[in-house]
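Reader: I have a model open and want to learn how to read it. Please walk me through the features one by one.

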Amino acid sequence: GEYGDFCSSIKQRVGHSLIWYTCEDKDATMVTAAMKKFKGSFDGPECAPLQLQFSGCGKPLKESINLEIPLSLDTSFAAAAIPHSNTFSSEIMQKMRIGARVLSSEFLHKRVREEGGAYGSSCSANTVGSASGISMTSYRDPTPAKTLTAFKEASAWLMDPANLSDARVEQAKLNLFAVVDAPNSPDSFGGDQFLSLTSVEVLQRNRERLLAMTADQIREAAPMFDLTSAPHCTVCLVPKKQQ
């Protein structure tokens, strides 16, 4: 049945997967042999690799999708996502990472939380395998329609030189480096390397680019946040009583 097929697929994939482990130097030979034996027990026919796609229907997103979903909630939640094809190590990706931090702490905080009354808001630029995208979200949001309007205006706000001061850029860097320089467990590092082809060298090069980033360079990434000119997806979860 379907469950048996699923188990068989997982078994094949484990046999051809990348496994990370951490141990003392003196135990490396023993642990390596044990891991090879473990993987060998899953050997089977080669299977097609998993493909991650930024879409809800298994195909690349070619046109915008806008959904409003009524649920048994006492408040609303809003989200917008824009796919992109930039790699984790690309220079434009580093501009997007800082731009997302500025939008999150300055623009969305004011528009969505202070003015709109939402409990929370965020903006991020990520790459996970071939699923690369920008996301903007709100949490427990009483005015989701106004929030979507704010999402659509984010790119223009970031493009305006008056909004991207040196002080805001430096604060965004501090916020981002709290994550960049946080301790990284072996399993998460292995997952990042497998999905996004990261390495110690790539991480250091990205770090140097982030440190040197200027306001003018960050503005170059503003079009990537434009919901009005790129295929995107917006979703609002709203209380049923509002229908």
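Author: Start with burial. Buried means under 20% relative accessible area, exposed means over 50%, and partly exposed lies in between, with a 1.4 Å probe and protein chains only. Now the case: Ala 80 counts as buried because its relative accessibility is 4%.

Reader: What should I know about the model before I go on?

Author: This is a predicted model, where local features need pLDDT of at least 70, side-chain atom pairs count only at pLDDT 80 or more, and totals for chains, interfaces and linings use all residues. Residues are numbered from 1 along each chain as its sequence is written, and side-chain values use heavy atoms, leaving out hydrogens and water.

Reader: How many helices and strands does the chain have?

Author: First the rule. Helices (H or I, at least four residues) and strands (E, at least two) are DSSP runs, numbered from the N terminus. Here the chain has 8 helices and 5 strands. Along the sequence the pattern is α-α-β-β-α-β-β-α-α-α-α-α-β.

Reader: What share of the residues is buried?

Author: Of the 243 residues in the chain, 33% are buried. Accessible areas come from the Shrake-Rupley method with a 1.4 Å probe; for residues, only the protein chains shown count as cover. The chain exposes about 14,300 Å². Carbon and sulfur atoms supply 56% of that area.

Reader: Which strands pair with strand 5?

Author: The test is simple. Two strands pair if DSSP finds at least two bridges between them. Strand 1 pairs with strand 5 in the parallel sense, over 7 bridges. Strand 2 runs antiparallel to strand 5, with 5 bridges joining them. For landmarks, find Ile 69 opposite Leu 237 in strand 5. Then find Ala 81 opposite Cys 233 in strand 5.

Reader: Is strand 5 mostly covered or mostly open?

Author: Mostly covered. Of its 7 residues, 5 are buried.

Reader: Back to Ala 80. Which residues is it in contact with?

Author: Contact means heavy atoms within 4.5 Å. Ala 80 sits in strand 2 (residues 76-83). Leave aside its neighbours within four places in sequence. Ala 80 then touches Ile 134, Ser 135, Met 136, Phe 151, Leu 227, Cys 233 and Thr 234. Check Leu 148 too: Ala 80 and Leu 148 are 68 residues apart in sequence, yet 7.7 Å apart in space, C-alpha to C-alpha. For the chain, take contacts between residues at least 6 apart in sequence: 78% of them join residues at least 24 apart.

Reader: Where is His 232, and what does its side chain reach?

Author: His 232 is in the loop between helix 8 (215-219) and strand 5 (233-239). Polar contacts need a cut-off. A polar contact is a pair of N or O atoms within 3.5 Å; within protein, one must be able to donate a hydrogen and the other to accept it, and residues adjacent in sequence count only if both atoms are side-chain atoms. The side chain of His 232 reaches the backbone oxygen of Leu 227 at 2.9 Å. His 232 counts as buried, because its relative accessibility is 7%. Pro 231 lies in the loop between helix 8 and strand 5 as well. Pro 231 is partly exposed, at 32%.
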